[in-house]
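Please look over the sequence and the model shown here before reading on. The notes that follow are grouped by topic.

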Amino acid sequence: MSAHIPPSFYKYRASIVFALAGILIALAPLPSPITTPTERHFRVEARSFEYNPAVLRANPGDRVTIELIPMDVVHGIYIDGYNLEFHADPGQTGELTFIANRPGIYRFRCSVTCGALHPFMIGKLQVGPNSLLWRGAGLATLAALAGAWRLRR
Amino acid sequence: MNAERLARLFVVGLLLGLPLAILIARWFPPGSAAGQTIEMHARMAESGGWTPSDLTAEVREPLHFRLTSDDVVHGFAIGQSDWPAVDVNPGEVTEATIAFEKPGKYVFYCTRWCGPGHWRMRGVIEVSGETAVEQDAEQPLYAVLGIDIDAPHPAAFTPIQRPSARRGASLGIPITKMYQDPEYLHRRSPAETWSVMRAETFTQGLSDDQVWDMVALAWQNSTSPAALALGQQLYTQNCAACHGEAGSGEGVMAASITPEAQLTAESGHDHKPPANFTDPKMMLGASPALLQGKIIRGGMGSGMPYWGPIFTEEQTWALVDYLWTFQFDY
């Protein structure tokens with residue numbers, strides 16, 4: 001059996017191991033934590049040009065209600081990826097309820113022109129764990145290990 | 001040869017005729033026949049408000065508005081008219097055509113909260129016509145009664161628990177005719193009405209709070225669900241930003257009416273927070289006519305805008321009716 005393996009295999013053995021580990025880190029399905037969907041209620045104060053809180057966290061399947069309270073002018077929320085939009089006037093709290101059925105990280109942006117820095121009025125909706133970050137960190141560590149391995153040789 | 005002369009004549013005619021036609025056309029502006037076109041820019045009150053803000057028009061002359069915003073979302077509406085409000089968005093032109101049937105002074109105003117100075121965004125359209133300007137002989141009730149709007153009006157009597165019209169109705173005591181007359185109720189504060197009702201024979205077996213329930217019932221009878229719905233709509237659109245959605249005077253804009261903000265905006269006047277409609281001492285001492293006066297005139301040292309030229313009489317009373325829901329359970 002070993003006779004059929006070309007000698008170059010042994011030469012590139014470490015590289016192949018690192019490559020396989022990289023593919024594993026990048027693509028392996030994570031054991032998703034089993035969570036029972038719950039109600040999540042966020043009270044978001046909108047002010048030129050920020051949301052408070054600006055990061056909303058939910059688990060996939062949660063029923064999310066966003067209450068939007070504009071503090072100065074008309075503000076709105078447009079959630080990328082979910083394709084949802086609503087806006088509210090000061091004094092008239094706006095509300096949006098949806099099922100967070102798409103895991104991932106989505107930006108939400110102000111949907112009503114609210115002043116000069118309106119394009120920079122953004123927030124983040126995080127549905128489920130931030131696997132992209134952990135996979136990225138894993139790949140970076142692997143790359144560092146591979147570099148160290150190469151230097152030692 | 002003849003054809004060449006004709007061609008020369010044509011060229012000369014064109015060169016002379018075209019500028020002449022343009023000059024003649026300027027003598028007859030399109031506005032004179034088909035109304036005027038008004039290019040109007042909306043800016044936040046701090047940076048200029050409406051441009052132009054003073055307009056003149058003839059009766060039944062169509063005004064073609066081309067509205068656009070230079071900064072944020074604004075709205076455009078004309079006070080005391082059924083004409084629906086339109087949104088004025090930056091980077092877009094909203095077109096609207098309006099003609100006035102009666103001569104007079106019309107106030108147009110911004111309908112979307114566009115900043116702390118939102119309510120300052122107002123302008124005037126003066127409409128003239130053959131018929132003389134109709135003077136509204138009828139003065140608002142507060143002016144007829146000569147009520148001093150700025151005087152403090154603490155209630156002499158206040159209930160222990162929140163009065164409820166339903167509890168009042170369940171007492172099964174019919175309200176006498178006097179308390180069914182809106183004219184009577186509009187002139188008296190709930191506290192005054194309570195003290196009059198307390199002395200009546202039909203309330204002899206009742207506790208003080210039960211008499212308050214009867215007052216709430218009388219107040220409920222003087223309004224209608226349609227008026228309350230209209231009042232609520234006007235309240236959320238125009239008042240809730242300062243007075244709060246719950247009427248407690250803690251709206252999102254209340255923080256911007258700080259002494260410092262007032263000092264920079266105006267001269268160093270006394271600063272007062274927006275009125276708290278859930279305070280029984282203040283509210284139950286006010287008559288509906290007094291509240292009507294406050295809405296119409298504004299002021300009160302809190303930067304409250306005047307709504308006289310914007311709300312119709314029906315709208316003002318609906319708003320007053322709605323304010324009592326912060327005191328009474330209907």
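What follows is a short briefing on a predicted model with chains A and B.

**Overall build of chain B**

- Chain B contains 12 helices and nine strands.
- Its radius of gyration is 27 Å, well over the 20 Å that the globule rule gives for 330 residues, so chain B is more spread out than a compact globule.
- Of the 330 residues in chain B, 33% count as buried.
- Among contacts in chain B with a separation of 6 or more, 73% come from residues 24 or more positions apart.

**Domains**

- Chain A is divided into domain 1, made of 2-30 + 133-152, and domain 2, made of 39-128.
- The centres of these two domains of chain A, taken over C-alpha atoms, are separated by 41 Å.
- Chain B is divided into domain 1 (34-128) and domain 2 (139-330).
- In chain B, 31 Å separate the centres of domain 1 and domain 2, again taken over C-alpha atoms.
- Seven residues of domain 1 of chain B are in contact with seven residues of domain 2 of chain B.
- On the side of domain 1 of chain B that touches domain 2, five residues are nonpolar, two are polar and none is charged.

**Where the chains meet**

- The contact between the chains takes 15 residues from chain A and 16 residues from chain B.
- On the chain A side, these residues divide into eight nonpolar, five polar and two charged.

**Nonpolar cores**

- In soluble globular proteins, nonpolar side chains tend to be buried together.
- The largest nonpolar core in this model has 74 residues.
- The residues with the most contacts inside this core are B:Cys114, B:Val215 and B:Leu319.
- Helix H7 of chain B, residues 208-221, gives the most to this core, with eight residues.
- Leaving out residues up to four places away in sequence, B:Val215 touches B:Pro163, B:Pro190, B:Thr193, B:Trp194 and B:Met197.
- A second, separate core has 14 residues, including A:Ala46, A:Ile79, A:Ala100 and A:Phe108.

**Helix H2 of chain A**

- Helix H2 of chain A covers residues 13-27.
- At 1.5 Å a residue, its 15 residues should span 21 Å, and the end C-alpha atoms are 21 Å apart, which agrees.
- Helix H2 of chain A is hardly covered, as the count of buried residues among its 15 residues is zero.

**A:Arg109**

- A:Arg109 is found in strand S8 of chain A, residues 104-109.
- Is A:Arg109 exposed, partly exposed or buried? A:Arg109 counts as partly exposed because it has 17 C-beta neighbours inside 10 Å, and a residue needs 20 or more to be buried.
- Apart from neighbours within four places in sequence, A:Arg109 is in contact with A:Tyr78, A:Met121 and A:Ile122.
- A:Arg109 and A:Ala14 are 95 residues apart along the chain, and their C-alpha atoms are separated by 46 Å.

- Most residues other than glycine have a negative phi, and most peptide bonds are trans.
- A cis peptide bond joins A:Ser48 and A:Phe49, with omega about 5°.
- A:Phe49 lies in the loop between strand S1 (39-47) and strand S2 (50-52) of chain A.
- Another cis peptide bond joins B:Thr51 and B:Pro52, with omega about -5°.
- B:Pro52 lies in the loop between strand S2 (50-51) and strand S3 (54-58) of chain B.
- B:Arg60 is not a glycine, yet has a positive phi of about 65°.
- B:Arg60 is found in the loop between S3 and strand S4 (63-69) of chain B.
- With 12 C-beta neighbours inside 10 Å, B:Arg60 counts as exposed, since the cut-off for exposed is 12 or fewer.
- B:Gln80 also has a positive phi, near 55°, and is a residue other than glycine.
- B:Gln80 is found in the loop between strand S5 (74-78) and strand S6 (86-88) of chain B.
- B:Gln80 is partly exposed, with 15 other C-beta atoms within 10 Å.

Technical notes: Residues numbered from 1 in each chain as written. Chains lettered and ligands numbered in written order. Predicted model: local features only at pLDDT ≥ 70, side-chain atom pairs only at ≥ 80, totals over all residues. Helix = DSSP H or I, 4+ residues; strand = E, 2+ residues; numbered from the N terminus. Contact = placed C-beta atoms within 7 Å. Nonpolar A, V, L, I, M, F, W, Y, C, P; charged D, E, K, R; others polar. Domains from an automatic or database assignment. Rg over C-alpha atoms; globule rule 2.2 N^0.38 Å. Core = buried A, V, L, I, M, F, W, Y, C linked by C-beta atoms within 7 Å. Expected span 1.5 Å × (residues − 1).
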